[in-house]
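Thank you all for making time this morning.

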Amino acid sequence: MFKEFKEFALKGNVVDLAIGVIIGAAFGKIVESLVGDIIMPMIGAIGSVDFSNYFIGLNSAVTSPVLVDAKKQGAVLAYGSFLTIAVNFMIIAFVLFMVVKAINRLKRKEAAAAAPAEPPAPAQDVVLLGEIRDLLKQKA
């Protein structure tokens, strides 16, 4: 059983997946910082994007205009937190789209540069076999 587990764990796909998850987590932190520290402050300077304090009290005991205090008073429908997270998701998705688009553009440029201009010449033994075939056709 240990041998089977070792074979499974050391397969290329499993190792590649593990590396992908680790790199994905690190890249997620980079994108989160980009959105939270660079993009959101610029958008915030233009106008408020923080909806996290928007809520509806679900009973009459909720009187506070601040979400944290309102949650202590009773049940609330905190739709503003959802809106903030949805806006953040859309920004992150757009940034990732732009990153993937740039990577694909670079790959296309590399593929175009690496494409051979003319096919390679056939090997000498292939040419020789072709000549022999042609001579046999002439004799027949």
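Ser64 has a relative accessibility of 13% in this predicted model, and because the cut-off for buried is under 20%, Ser64 counts as buried. Ser64 sits in the loop between S1 and helix H3, the helix that covers residues 67-73. What does the side chain of Ser64 have close to a polar atom? One of its polar atoms lies 3.2 Å from the backbone nitrogen of Val66.

Let me turn to helix H4. This helix runs over residues 79-114, which makes 36 residues, and from its first C-alpha to its last it reaches 52 Å, close to the 52 Å expected at 1.5 Å a residue. Which residues of H4 are buried? They are Gly80, Thr84, Ile91 and Val95. As a reminder when reading such a list, an α-helix has 3.6 residues a turn, so residues three or four places apart point the same way.

Tyr54 lies in the loop between helix H2 (12-46) and strand S1 (56-57), whereas Tyr79 lies in helix H4, so the pair ties together parts that are 25 residues apart in sequence. Both tyrosines count as partly exposed, Tyr54 at 39% relative accessibility and Tyr79 at 36%.

These two tyrosines also belong to a nonpolar patch on the surface, together with Ile56, Leu58, Leu77, Phe82 and Leu83. The accessible area of the patch is about 690 Å² in total, and H4 provides the largest share of the patch, namely three residues. Leu83, which lies in helix H4, is partly exposed, with a relative accessible area of 34%.

Finally, the charged side chains. Side chains of opposite charge can pair when their charged atoms come close. How many salt bridges are counted here? The count comes to one salt bridge, and Asp134 forms a salt bridge with Arg133, where the closest N and O atoms are 3.3 Å apart. Asp134 counts as partly exposed at 36% relative accessibility, and Arg133 likewise counts as partly exposed, at 46%.

How values were computed. Residues numbered from 1 in each chain as written. Predicted model: local features only at pLDDT ≥ 70, side-chain atom pairs only at ≥ 80, totals over all residues. Heavy atoms only, no water. Helix = DSSP H or I, 4+ residues; strand = E, 2+ residues; numbered from the N terminus. Expected span 1.5 Å × (residues − 1). Buried < 20%, exposed > 50% of the residue type's maximum accessible area, 1.4 Å probe, protein only. Salt bridge = Lys/Arg side-chain N within 4 Å of Asp/Glu carboxyl O. Patch = residues over 30% accessible without salt bridge, like charges linked within 9 Å, V, L, I, M, F, W, Y side chains within 5 Å. Areas by Shrake-Rupley, 256 points an atom, 1.4 Å probe, with all protein chains shown as cover. Polar contact = N/O pair within 3.5 Å; in protein donor to acceptor, adjacent residues only side chain to side chain.
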